[in-house]
Amino acid sequence: MFATPAFAQAAGGGAAGAFGSFLPLILIFAIMYFLLIRPQQKKAKQHKAMVDGLRRGDQVVTQGGVIGKVSKVKDDAEVELEVAENVKIRVVRHTIAQVLNKTEPAEKA
């Protein structure tokens, strides 16, 4: 009665039009995920594996630039580094940025 035939035809394509308007947003999110979020997650996973694999005798660099040799793995959150002869410091495990030299695991007798 009150709707003209032109409005009735325009209302039929509303679902496809709404999806079409969200498609650029979905593509932008997908591009952001593959260019920013996914590489960051991969790098964080590699760092966690490196930190979990620390052993006594590994030569490491901390995020502050201190180079030292792991003398003791205290617990899950802390390691003890020997930075000079008889000079040992305690550092948080996640502040280790890089492993320079990795020691071989001890063989079981």
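Let's start at threonine 62, which is buried because its relative accessible area is 7%, under the 20% cut-off. This is a predicted model, so please read every value here as computed from it. Threonine 62 belongs to strand E1, which covers residues 59-62. Beyond its neighbours within four places in sequence, threonine 62 is in contact with Leu81, Val91, Thr95, Ile96 and Ala97.

Two members are worth a visit. Leucine 54 is in contact with Val60, Val73, Val79, Arg93, Ile96, Val99 and Lys102, leaving aside residues within four places in sequence. Valine 79 sits in strand E3 and is buried, with a relative accessible area of 0%. Not counting residues up to four places away in sequence, valine 79 touches Leu54, Lys72, Val73, Lys74, Ile89, Arg90, Val91, Arg93 and Ile96.

## Five strands in an open sheet

How are the strands arranged? They form an open sheet of five strands in the order E4-E3-E2-E1-E5, with antiparallel pairing. Strand E4 (87-92) and E5 are at the edges with a single partner strand each, so one side of each has no neighbour in the sheet. From one strand to the next, the twist averages 45°.

Looking at the pairs in turn, E1 and strand E2 (residues 67-73) are antiparallel and share three bridges. Glutamine 59 has lysine 69, in E2, as its bridge partner. The hairpin of E1 and E2 has four residues between the strands, and glycine 65 there takes a positive phi near 95°. E2 and E3 also run antiparallel, joined by four bridges, and they form a hairpin with four residues between them. In this pair, valine 73 stands opposite valine 79 of E3.

## Salt bridges

Side chains of opposite charge can pair when their charged atoms come close. The structure holds four salt bridges, and three of them are described here, starting with aspartate 58 and lysine 102, whose closest N and O atoms are 3.4 Å apart. Aspartate 58 lies in the loop between helix H2 (14-52) and E1, while lysine 102 is in the segment after E5, so this pair ties together parts that are 44 residues apart in sequence. Aspartate 58 counts as buried, at 0% relative accessibility, whereas lysine 102 counts as partly exposed at 45%.

Glutamate 78 and arginine 90 meet through their side chains in another salt bridge, at 2.6 Å from N to O. Because glutamate 78 lies in strand E3 and arginine 90 in strand E4, the pair ties together parts that are twelve residues apart in sequence. Arginine 90 counts as exposed, with 57% relative accessibility.

Lysine 74 and glutamate 80 also form a salt bridge, with their closest N and O atoms 3.7 Å apart. Lysine 74 is partly exposed at 37% relative accessibility, and glutamate 80 is buried at 14%.

Terms used: Residues numbered from 1 in each chain as written. Predicted model: local features only at pLDDT ≥ 70, side-chain atom pairs only at ≥ 80, totals over all residues. Heavy atoms only, no water. Helix = DSSP H or I, 4+ residues; strand = E, 2+ residues; numbered from the N terminus. Buried < 20%, exposed > 50% of the residue type's maximum accessible area, 1.4 Å probe, protein only. Contact = heavy atoms within 4.5 Å. Pairing = 2+ DSSP bridges. Axes fitted to C-alpha atoms, helices over the stretch in contact; angles between N-to-C directions.
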